[in-house]
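Please look through the structure below with its two-part layout in mind.

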Amino acid sequence: MTNNKKGMYNEVIKEIFSNHYEEGLEHFEFTREEISEVCSKLNISPPKNLGDVLYSYRFRRPLPKEILDTAPSGLEWIIESVGKGKYRFTLSTRNRITPNHNLISIKVPEATPEIITRYSSGDEQSLLTKIRYNRLIDIFLQITAYSLQNHLRTTVKDIGQVEIDEIYVGINNNGSHFILPVQAKVGNDQLSVIQTKQDIAYCDQIFPDLICRSVSAQFMENYLIALFELTLEESEIKVVQEKHYRIVPSKDISEEDIRSYISRDAI
């Protein structure tokens, strides 16, 4: 994104925020149409994709300092979807899910076919492919999982249109069935609690009899993947567990590595 584009997005979102915000408010709604109205008021050309303004602040970059400074200590503003073309600024205890860089990594022997690796582009699809071929969902959640669909675009009641990066179904050793929405981010895109809330809402609406376990994945660097299991507790997204998996050739997993994994299992 160019500096001019960043500056324009900042001016637009600040104007929308200031049009509604009053000290003490914890949430307020606005519409996508207001982006065009604000651009006209500020005498700037509206972006071709109005939704990109909101996507940027929901998943890619922080809100302008002028907005962040209005949040009470310990809280952050997030932008939730609350219907077709409708959004809500809400104060939340957490906005982004970021990897803990002090966590150990677990080596997993590469199982991705070489021809797939050769032609992968390194984008979000590449991350989902690595997770799928290396069965990281099974390893992480300790259940048997199968990919049901990826890039599902659908509508959720009281939210509007959502896109889920990939959905798995799974079964455990007691026969319980699971629905597993997966959010994946690479590069500058960041894992967001907003998408996790949407994913869980979709699963609760469409698969009410299945156990929902929401997973988020982030490429930290080449072949190092952070996985999070997230849940909704008292309307806030919480981290259930976090693991880091490093995809390596089998020859790069030493006997010492294997002994260390066994010793952790024994604890």
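Which side-chain oxygen reaches to within 3.1 Å of a backbone nitrogen at the start of H3? The oxygen belongs to Asn49, and the backbone nitrogen is that of Gly51. The model is a predicted one, and the distances here are computed from its atoms.

Helix H3 covers residues 50-60. Of its 11 residues, 8 are buried, so the rest of the structure largely encloses the helix. The buried residues of H3 are Gly51, Asp52, Val53, Leu54, Ser56, Tyr57, Arg58 and Phe59. In an α-helix there are 3.6 residues a turn, so residues three or four places apart point the same way.

The domain assignment gives domain 1 as residues 2-93 and domain 2 as residues 105-266. Their C-alpha centres are 29 Å apart. Across the boundary, 13 residues of domain 1 are in contact with 14 residues of domain 2. The size of an interface is often expressed as the accessible area that is lost when the parts come together. Here domain 1 and domain 2 bury about 1100 Å² between them, and 44% of that area is on carbon and sulfur atoms.

Polar pairs also link the two domains. Between domain 1 and domain 2 there are 10 residue pairs in polar contact, counting pairs with both residues at pLDDT 80 or more. On the side of domain 1 that touches domain 2, the elements giving two or more residues are helix H3 and strand S2 (76-83). Strand S2 supplies the largest share of that side, 6 residues. By type, the residues on this side of domain 1 divide into 5 nonpolar, 4 polar and 4 charged.

The count of salt bridges between the domains is 2. Glu80 forms a salt bridge with Lys197, with the closest N and O atoms 3.4 Å apart. The side chains of Glu80 and Lys197 also count as a polar contact, at 3.4 Å. Glu80 is found in strand S2. Is this residue buried or exposed? Glu80 counts as buried because its relative accessibility is 13%, under the 20% limit. Leaving aside neighbours within four places in sequence, Glu80 is in contact with Arg58, Lys86, Tyr87, Arg88, Thr90, Ile194 and Lys197. Arg58, one of these partners, is among the buried residues of H3.

At 2% relative accessibility, Lys185 counts as buried. Beyond its neighbours within four places in sequence, Lys185 is in contact with Tyr55, Phe59, Leu127, Asp165, Gln190, Leu191, Gln195, Ala217, Gln218 and Phe219. Phe59 is one of the buried residues of H3. The C-alpha atoms of Lys185 and Met220 are separated by 9.5 Å, with the two residues 35 residues apart along the chain.

At the start of H6, a side-chain oxygen of Asp123 comes to within 3.1 Å of the backbone nitrogen of Gln125. After H6 comes Arg135, which has a positive phi, near 50°.

Notes: Residues numbered from 1 in each chain as written. Predicted model: local features only at pLDDT ≥ 70, side-chain atom pairs only at ≥ 80, totals over all residues. Heavy atoms only, no water. Domains from an automatic or database assignment. Contact = heavy atoms within 4.5 Å. Buried area = accessible area lost by both parts, 1.4 Å probe. Salt bridge = Lys/Arg side-chain N within 4 Å of Asp/Glu carboxyl O. Polar contact = N/O pair within 3.5 Å; in protein donor to acceptor, adjacent residues only side chain to side chain. Helix = DSSP H or I, 4+ residues; strand = E, 2+ residues; numbered from the N terminus. Nonpolar A, V, L, I, M, F, W, Y, C, P; charged D, E, K, R; others polar. Buried < 20%, exposed > 50% of the residue type's maximum accessible area, 1.4 Å probe, protein only.
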